[in-house]
Amino acid sequence: MSETVLKVQNLNVSFNGEKVIADLSFEVRKGEVLVILGPNGAGKTTLLRALLGLVPYRGKVSWATRHVSYLPPQELLQRKDLPPLSIEEFFKFKKVSRAQILKIFELVGLPQSLLGRRYGALSTGQFQRMIIAWALVDEPTILLFDEPTSGIDIGGQETLYSLLHRFWKERNLTILLVTHDLNIVWEHAENVLCMNKEKLCYGNPRKVLTPEELERIYGAGIKYYEHSHR
Amino acid sequence: MSAFVGAVAGYLGSLMLSKRMALVGGPLGHLTLPGITLALISGFDVSLGAFLFVALGILFIWLLEMRTKLPMEAITAIIFASGVAAAFLFLPEEKTVPALIGDVSQVSVEAVAAAVILSLLVFLATKKIFSGMVLASISEDLAIVSGTDTRKLNFIYLACIAVVVSLGVRIVGGLMTAAVVAIPACTSRNLSRNLFQYSYIAMVLGGIGCVLGVVSAALTGTASGPLIVIVDTLLFVVSLTSKRTGT
């Protein structure tokens, strides 16, 4: 049994008296991929933000490590109206060396010439790879990704998840991933946490994500296609 | 003194423009007027009077924003309008022009030394917070998770603005402080391809604008404040001919 890297006990988050997360408890083991599923407004983003101490909460959140990298949804990352920031300068915010940047660029398949380009001038595909590289450049042990493929086309989504999968295998990363995409759950998740303000299900997706459970999470009309390959 | 204050105003202005706050320098400059009035009536240093009122104004803006949830621009407008109104009730007529457009012709050695030291301190503080503030502009959550204490940085940032605006009123007066903060940064943005160039070109241009403005004022016998702003504007117009496209 791998060591526990995150233990959440009785987590409660309220905004202006309204409960957003109620009494949530779960654990994450080292090297695990936990996908957090739930409808819009279920509290998934708030959960990640509470785990990182970005919002006040009641309950207990215990990390065995603090070398965590976090990526908010890409549409929440400001890309316009910024000063002329070069990509290299953006990476230097993390106090990493040029050699580290070049190494991660090679791993995500970005050309070195991009280092001098402006942060706001990258194409969507380049930006996506660049931001993954940024998240990984200082070799975190845990990644928290909030809907990393929102606003990205299907081809781009596949690229991003295959990149993440490769790094997960090579670096024994622990990944907490918020997504709406059930395909990702079937293909990559070891455990799934379904929530709608409170915990609805938790465990191996093949065991807990039954058609009935999906209907309970998302309501009637959800299509159920389980992928048999991994 | 003008070179130091102009340079640091340009440097801080490049950060303020990044935070889309460059024009806040205007209302804050107007807010200095009651402080300048008090200083002129009571006979103490105008920058000190200006600083007291800008700091007080920033505190009120910060408190009202938390209490009312009104946009910061709206609260700033209320605060600065009341500041200007209060100043004109008490400002002696003969002191109106220096208060509005600045006067560096009668500055003591102590005041020059204090302005130079404060400019250097603001430069160092701004340099320290620059990258964290830009990262927070991209995403505050990202900045916090990366180890940036955004609340502390915001406090230092506002304190730097208060000091620079207070120093700026001496050279360009309460009416035009936004110019020495915003124009060099806008000019630099047209000329630079990365953050390093952007911030330092703004600093150099801020210094050059002030020196050329003061020299022109001495040669022509006119007030330096308007000439500084005109030189800054001319440099901006020249920069338009070589605007980079973002590659």
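User: Which residue is the bridge partner of N12(A) in β4(A)?
Analyst: In β4(A), that partner is R58(A); strands are DSSP runs (E, at least two residues), numbered from the N terminus. This is a predicted model, in which local features need pLDDT of at least 70, side-chain atom pairs count only at pLDDT 80 or more, and totals for chains, interfaces and linings use all residues. Residues are numbered from 1 along each chain as its sequence is written, while chains are lettered from A and ligands numbered from 1 in the order in which they are written.

User: How many bridges join β1 and β4(A)?
Analyst: Strand β1 (residues 4–15) of chain A pairs with β4(A) in the antiparallel sense over five bridges; two strands pair if DSSP finds at least two bridges between them. Q9(A) stands opposite K60(A) in β4(A).

User: Which strands form the sheet, and in what order?
Analyst: Three strands of chain A form an open sheet in the order β2-β1-β4, with antiparallel pairing. The strands β2 (18–29) and β4 stand at the edges with a single partner strand each, so one side of each has no neighbour in the sheet.

User: How many residues of β4 in chain A are buried?
Analyst: Of the six residues of this strand (58–63), the number buried is zero, so the strand lies largely in the open. A residue is buried if 20 or more other C-beta atoms, placed from the backbone, lie within 10 Å of its own, exposed if 12 or fewer, and partly exposed in between.

User: Changing topic, is I129(B) buried or exposed?
Analyst: I129(B) is buried, with 21 other C-beta atoms within 10 Å.

How values were computed:
Helices (H or I, at least four residues) and strands (E, at least two) are DSSP runs, numbered from the N terminus.
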